[in-house]
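Work through the exercises below with the model open beside you. Try each task before you read its solution.

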Amino acid sequence: MSFMDDNGPLADAGSTLRHTLANAFRMVDLTATLNEQTPCYPTDPPFTKSWHTLHSEQGFYVSRLEMGAHSGTHVDAPLHFLGDGFPDVAQLPLQALIGDAIALESPKDPGEDLTVADLAGADIKSGDIVLFRTGWDKRSASPAFFEDEWPGLQPSLVEELIRRGVKAVGGDIASADSPAAIAAGAPSHKLAGRAGMPIFEGLINLDQVIGQRFFFIGLPLKLQGGEASPIRAVALLPNVNPPSDAPQKR
Ligand SMILES: [Zn+2]
């Protein structure tokens, strides 16, 4: 047989994989759209996209992007606040960016941090990715995302997550540290970074995955020396009502 054999075992495997991906999981996009309205940290470069070549002139489009690496939904690598000698986004292991996850509903007002108390009753397993939904996502497409005292993670919460074997952390937060904590040296970024934990920031749509375990994918560009990178973040959830044409076990 050959790879081109439509009826061979490889074709069967491909068909099964396609059915599994399409039918076994429901996908939720946890990513904010990047555009010129994407809010950016007050001292970061804003997102701009322009045409480097025009379709009307050269017959094809090529765009030029300029942006801070923390624009929109993104992941921070330990290099961000710990500096040289700590992993960049290209060095983050894939296993730390993909896997079993849980999202916790933890509403916060400006000036309120996430604390250990926000873990009450949460079914967290060693190796999980833990994501918090504070409600700050309501500001995610507006300059207000970086106004007021946004909620950060208290250092004692990061320590507790590390103690429980959590491999990555994040949420709808503007930053893992509040403005006051950043001014004091960003202790939560540093704690997570020393533990090798990626920090996912600027996630949206977490309200659609609260209260259930899911499979999280948050992959950065493989940027050498990158302290952060935009990601396309996706939640895969078990599909409770798979279509009836799903392949049967043989
Ligand atoms: Zn960041």
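**Exercise 1. Find what L131 touches beyond its near neighbours in sequence.**

Solution. Step one: apply the contact rule, C-beta atoms placed from the backbone and lying within 7 Å. Step two: set aside neighbours within four places in sequence; L131 is then in contact with A101, A103, G170, G171, F200, L203 and L206. Step three: keep the kind of model in mind. It is predicted, so local features need pLDDT of at least 70, side-chain atom pairs count only at pLDDT 80 or more, and totals for chains, interfaces and linings use all residues. Residues are numbered from 1 along each chain as its sequence is written.

**Exercise 2. Which strands pair with strand 5, and in what sense?**

Solution. Two strands pair if DSSP finds at least two bridges between them. Take strand 9 to begin with: it pairs with strand 5 in the antiparallel sense over 5 bridges. There, A101 has F214 as its bridge partner. Now take strand 6: it runs parallel to strand 5, and 5 bridges join them. Here I102 stands opposite V130.

**Exercise 3. Which residues of helix 4 are buried, and why do they share a side?**

Solution. List them: L157, V158 and L161. Check their directions from the helix axis to the C-beta atoms, which define the arc. The arc covers only 100 degrees around the axis, so these residues sit on the same side of helix 4. Finally, step past the helix to G165, whose phi is positive, near 85 degrees.

**Exercise 4. How many residues of helix 6 are buried, and what covers them?**

Solution. Count: 6 of its 8 residues are buried, so helix 6 is mostly covered. They are P187, S188, H189, L191, A192 and G193. The cover includes strand 4 (74-76), helix 3 (79-82), helix 4, strand 7, helix 5 and strand 8. After the helix comes G196, with a positive phi near 75 degrees.

**Exercise 5. Examine the positive phi values of A186 and N205.**

Solution. Recall the background: most residues other than glycine have a negative phi. For A186, phi is near 55 degrees. A186 lies in the loop between helix 5 (179-183) and helix 6. It has 22 C-beta neighbours inside 10 Å, so A186 counts as buried. For N205, phi is near 65 degrees. N205 is in the loop between strand 8 and strand 9. N205 is buried too, with 20 other C-beta atoms within 10 Å.

**Exercise 6. Are S106 and I217 buried or partly exposed?**

Solution. S106 lies in the loop between strand 5 and strand 6. It is buried, with 22 other C-beta atoms within 10 Å. Leaving aside neighbours within four places in sequence, S106 is in contact with L114, D118, F132, R133 and T134. Turn to I217, in strand 9. I217 has 18 C-beta neighbours inside 10 Å, so I217 counts as partly exposed. With neighbours within four places left aside, I217 is in contact with I98, A233 and V234.

Notes
Contact = placed C-beta atoms within 7 Å. Buried ≥ 20, exposed ≤ 12 C-beta atoms within 10 Å, placed from the backbone. Helix = DSSP H or I, 4+ residues; strand = E, 2+ residues; numbered from the N terminus.
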